[in-house]
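Hi everyone, thanks for making time.

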Amino acid sequence: MRPARRSRWRKARCRIFEALSTLCAAVAVIVLVAVIGYVLVNGARALNFDFFTQLPAPVGEPGGGMANAIVGTLIIVCIGALISIPTGVLAGIYLAEYGENRFADLVRFLADVLTGIPSIVVGILAYALVVVPMQKFSALAGGVALAVLMLPTVIRATEEMLRLVPGSLREASLALGAPRWKTILRIVLPTASGGLATGAMLAIARATGETAPLLFTAFGNSFWNTSLVDPMAAVPLQVFQYAISPYDSWHAQAWAGALVLVVLVLALSAAVRLVARPLQTQE
Amino acid sequence: MNESADEPLALSVEHLSAWYGTRKAIENITVPVLERHITAIIGPSGCGKSTLIRCLNRMHEVVRGARAQGVVTLAGRNIYAADVDPVDLRRQIGMVFQKPNPFPTMTIYDNVVAGLRLQGGWNTRELDEVAERSLRQAALFDEVKDIWKKAAGSSLSGGQQQRLCIARTLAVEPRVILMDEPCSALDPIATYRIEELMSELKAQYTIAIVTHNMQQASRVSEFTAFMLAEDDRIGRLVEYGETASMFTNPRDRRTEDYITGRFG
């Protein structure tokens, strides 16, 4: 081809590629918007004040809400966070600061494997470890199951954020005559705190929406319960129960529950962005 | 070796060798560091001068697999003796690094007193006094006195950050200050101010400075040690002496070659 035609063809290929990429990105956005929009439209119909304050109504009766499930989700996720975040952060500290050995490699590998384990398997694990010895379903068991799911995320996020802290800061602290543990606690950890918060929030966001691990651990509850050693309701569980039922009023409530979950996860993700942004401008 | 033997020694380095894992980095270095004087360590890249200076406050060991062997005497005690705590030692021998490294999450004030806070046991009034004194010694107080408790340490310019790091080191009141190419990341004016600062500090502190800038060594130091790594890449001491005579009349041929720019 002569030079002029070759350059025209090259420009055309460029534009075709750009158009294709934009199209694919648009498809992705459309899908996301469709999911959120669908949930929003269907869920908003059943959302009312009662939804947040009332217990589930018996079959056939109108009204009722998911108040106990919302509280239940908060309690169970809290238990999961209280177990997994301190453990995960400490494990992450070990991997980042002391972890140049075989054992640390093993821990990293296992954490990665744990990320891939199906959540229902984690639920069965918690069933065997907590429900069976206790002889009953409980919020505690649900919390343990969620903690196992959250742990690898917290460990890996902590390790990565700590590794991002420049070695020069550690050296500066050591050169001032600070022991290693103080250097980690008073200098490295605070410097990485934004990133650690991000990791924790991402783990929480994931755990909030998990259903399978709660099926035979927390089990669900139609009544008010704040006791940690008794079965407890949770929004994903309730949504599941309502969605597979044959009743329209329950279907509507399931949509509302789904909306609550989506809003919760969106809010957490937005919060993560807000925390992460000042970190990025600092670097 | 030149004798300035009547002057007291802050540090005495004898037969010091250091390894990174199995690779030997420096071998059999014997050099004095005279009290309340500035000693420069010069040499081409890779000659082991940074390794040497890091061995002087046992920062070398911080790297995994690194070790040192030899005798380094501070106030009559070998810092490599088994009963010496490296953490304690580093409170007596401080270090300023090539790239200024103030703690980013701390204010200027917090940075200066960080060393003391990490030790513990100081009240606010004492910290305020030490902070002001150290910042004055580092010729930084007047520039930051209005913002020192509010502005982040990292919001200062490069030269100011390095003076902040020097103030941070001074606050701990070490006997010796080690400086590993403190001006290489700074512009000429900031460099000049730090060199002036060093001249003021030597009345009270012993300073050892690694520099790849020979003009700086000749401006600032009273004694110079020249190091070189031959083909085996192991750093050795070639010559040590008074700066003035070493630069005008070096004894070793290799020193002369380096100083006149034939290599390095």
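I'll go through the two chains, where they touch, and a few single residues. Keep in mind throughout that this is a predicted model.

Okay, chain A. How is it split into domains? The assignment gives domain 1, covering 3-46, and domain 2, covering 52-282. Taken over C-alpha atoms, the centres of those two domains of chain A sit 33 Å apart. Where they touch, domain 1 of chain A puts in eight residues and domain 2 of chain A puts in seven. If you sort the domain 1 side of that contact by class, you get five nonpolar residues, two polar and one charged.

While we're on chain A, find helix H6, residues 139-164.

Now, where do the chains meet? The contact takes 18 residues from chain A and 21 from chain B. On the chain A side, helix H7 (167-175) and helix H8 (180-208) each supply at least two residues. Which element of chain A gives the most? That's H7(A), with seven residues. By class, the chain A side of this contact has nine nonpolar, five polar and four charged residues.

Over to chain B. There are 11 helices and 10 strands in it. Its radius of gyration is 18 Å, and the globule rule gives 18 Å for 264 residues, so chain B is as compact as a globular protein of that length. Along the principal axes, the C-alpha atoms of chain B fill a box of roughly 55 × 45 × 35 Å. Of the 264 residues in chain B, 45% count as buried. And if you take the contacts in chain B between residues at least 6 apart in sequence, 69% of them join residues at least 24 apart.

Let's zoom in on some residues of chain B. A bit of background first: most residues other than glycine have a negative phi. B:Glu173 has a positive phi, near 55°. You'll find B:Glu173 in the loop between helix H7 (158-171) and strand S7 (176-180) of chain B. B:Glu181 has a positive phi too, near 50°, and lies in the loop between S7 and helix H8 (188-201) of chain B.

So which of these is buried and which is partly exposed? B:Glu173 has 16 other C-beta atoms within 10 Å, so it counts as partly exposed. B:Glu181 has 20 such atoms within 10 Å, and is buried; the cut-off for buried is 20 or more.

Last stop, B:Gly48, in the loop between strand S3 (38-42) and helix H1 (49-55) of chain B. With 24 other C-beta atoms within 10 Å, B:Gly48 is buried. What does it touch, leaving aside neighbours within four places in sequence? B:Gly48 is in contact with B:Ala25, B:Ile26, B:Met227, B:Ala229 and B:Gly235. As for B:Arg64, it is 16 residues from B:Gly48 in sequence, and their C-alpha atoms are 17 Å apart in space.

Terms used:
Residues are numbered from 1 along each chain as its sequence is written. Chains are lettered from A and ligands numbered from 1 in the order in which they are written. This is a predicted model: local features need pLDDT of at least 70, side-chain atom pairs count only at pLDDT 80 or more; totals for chains, interfaces and linings use all residues. Helices (H or I, at least four residues) and strands (E, at least two) are DSSP runs, numbered from the N terminus. The radius of gyration is taken over C-alpha atoms; the globule rule is 2.2 Å times the number of residues to the power 0.38. A residue is buried if 20 or more other C-beta atoms lie within 10 Å of its own, exposed if 12 or fewer, and partly exposed in between; C-beta atoms are placed from the backbone. Two residues are in contact if their C-beta atoms, placed from the backbone, lie within 7 Å. The expected span of a helix is 1.5 Å times one less than its number of residues. Domain bounds come from an automatic or database domain assignment. Ala, Val, Leu, Ile, Met, Phe, Trp, Tyr, Cys and Pro count as nonpolar, Asp, Glu, Lys and Arg as charged, and the others, Gly among them, as polar.
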